[in-house]
Amino acid sequence: MAITRGFRGRRLDADVELPPGQYLTQDFPVLSAGPTPRIDRDSWEFTITTEAGATHSWAWQQLLALPQDKPTVDIHCVTKWSKLGTAWQGVSLDVLLEQVESTADYALVHSHGGYTTNLPVQDLLDGQAWLVHQYDGEDLPPEHGGPVRLLVPHLYLWKSAKWVNGIQLLEQDEPGFWETLGYHEYGDPWREQRYAGD
Ligand SMILES: Nc1nc2c(c(=O)[nH]1)N[C@H]1C(S)=C(S)[C@@H](COP(=O)(O)O)O[C@H]1N2
Ligand SMILES: [Mo]
């Protein structure tokens with residue numbers, strides 16, 4: 001029976017305000033610019049490099065030992081689908097950046113395979129961004145960025161780098177993969193910042 005169509009969690013679709021130009025989807029599309037890497041949890045490592053060149057790394061068990069958050073958030077892809085109430089588990093970037101000495105304003109996020117994306121450090125702080133390793137109560141599947149991806153739900157989803165392995169803190173902003181190809185440097189879905197100049 002299709003009686004649950006249009007109903008999502010506690011919210012009726014009709015009551016939901018989406019960012020301009022977006023439509024709702026119930027499934028979870030996969031968007032990857034290259035092949036899906038298979039990354040072993042035991043050799044997984046995440047490194048923050050500061051503007052001074054100092055590095056701070058976390059291994060898989062160290063990530064799991066940090067305080068865990070369970071954000072439930074709406075996500076918005078620049079290809080116009082939005083998905084509501086996605087449930088994740090991971091570590092707030094506040095916790096990781098707290099352990100790092102830096103006054104840099106910009107971050108360039110790096111992924112296994114060479115994907116990059118940039119955003120202001122400010123957008124990684126104050127409970128706005130996580131390194132997530134679970135989706136919907138299960139280990140994050142490789143196609144969605146497992147073992148660990150960045151989640152920055154207040155920006156278009158291309159900023160949420162899958163297979164994340166590091167963040168470079170920079171004094172000068174540097175465009176990432178899609179930003180170099182004409183996408184917006186910031187990417188706020190509520191201001192419909194899809195392409196450079198929007
Ligand atoms: N490493 C990496 N991260 C990535 C991408 C990618 O191609 N490589 N695609 C981005 C884009 S454009 C989107 S919309 C989301 C898609 O996430 P999903 O495949 O889990 O839906 O991942 C983002 N993160
Ligand atoms: Mo995307």
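Modeller: Let's begin with strand S13, which is mostly covered: five of its seven residues are buried. Buried here means under 20% relative accessible area with a 1.4 Å probe and protein chains only (exposed is over 50%, partly exposed in between), and strands are DSSP E runs of at least two residues, helices H or I runs of at least four, numbered from the N terminus.

Colleague: What should I know about the source?
Modeller: This is a predicted model, where local features need pLDDT of at least 70 and side-chain atom pairs count only at pLDDT 80 or more, while totals for chains, interfaces and linings use all residues. Residues are numbered from 1 along each chain as written, and side-chain values use heavy atoms, leaving out hydrogens and water.

Colleague: Thanks! Which strand order does the open sheet have?
Modeller: The open sheet of five strands runs S5-S4-S13-S8-S9, with mixed pairing; two strands pair if DSSP finds at least two bridges between them. S5 (55–59) and S9 (116–120) are the edge strands, each pairing on one side only.

Colleague: And in what sense does S13 pair with S4, parallel or antiparallel?
Modeller: S4 and S13 pair in the parallel sense over three bridges, and threonine 49 stands opposite glutamine 168 in S13. With S8 (residues 106–111), S13 pairs in the antiparallel sense over six bridges; there, histidine 110 faces glycine 166 in S13.

Colleague: Changing topic: how many aromatic pairs are there?
Modeller: The count is 13 aromatic pairs. The rule takes rings of Phe, Tyr and Trp (its six-membered ring) with centres within 6.5 Å; planes under 30 degrees apart are stacked, over 60 edge-to-face, and the rest tilted. Tryptophan 158 and tyrosine 183 form an edge-to-face pair, 5.3 Å centre to centre with 65° between the planes.

Colleague: Why is that pair worth a look?
Modeller: Tryptophan 158 lies in the loop between S12 (149–151) and S13 (164–170) and tyrosine 183 in the segment after helix H3 (177–180), so the pair ties together parts that are 25 residues apart in sequence.

Colleague: Are those two buried or exposed?
Modeller: Tryptophan 158 is buried at 8% relative accessibility, and tyrosine 183 is buried too, at 19%.

Colleague: Which residues do ring pairs link into a cluster with Trp158?
Modeller: The cluster holds Tyr115, Tyr156, Trp158, Phe177, Trp178, Tyr183 and Tyr195.

Terms used:
Chains are lettered from A and ligands numbered from 1 in the order in which they are written.
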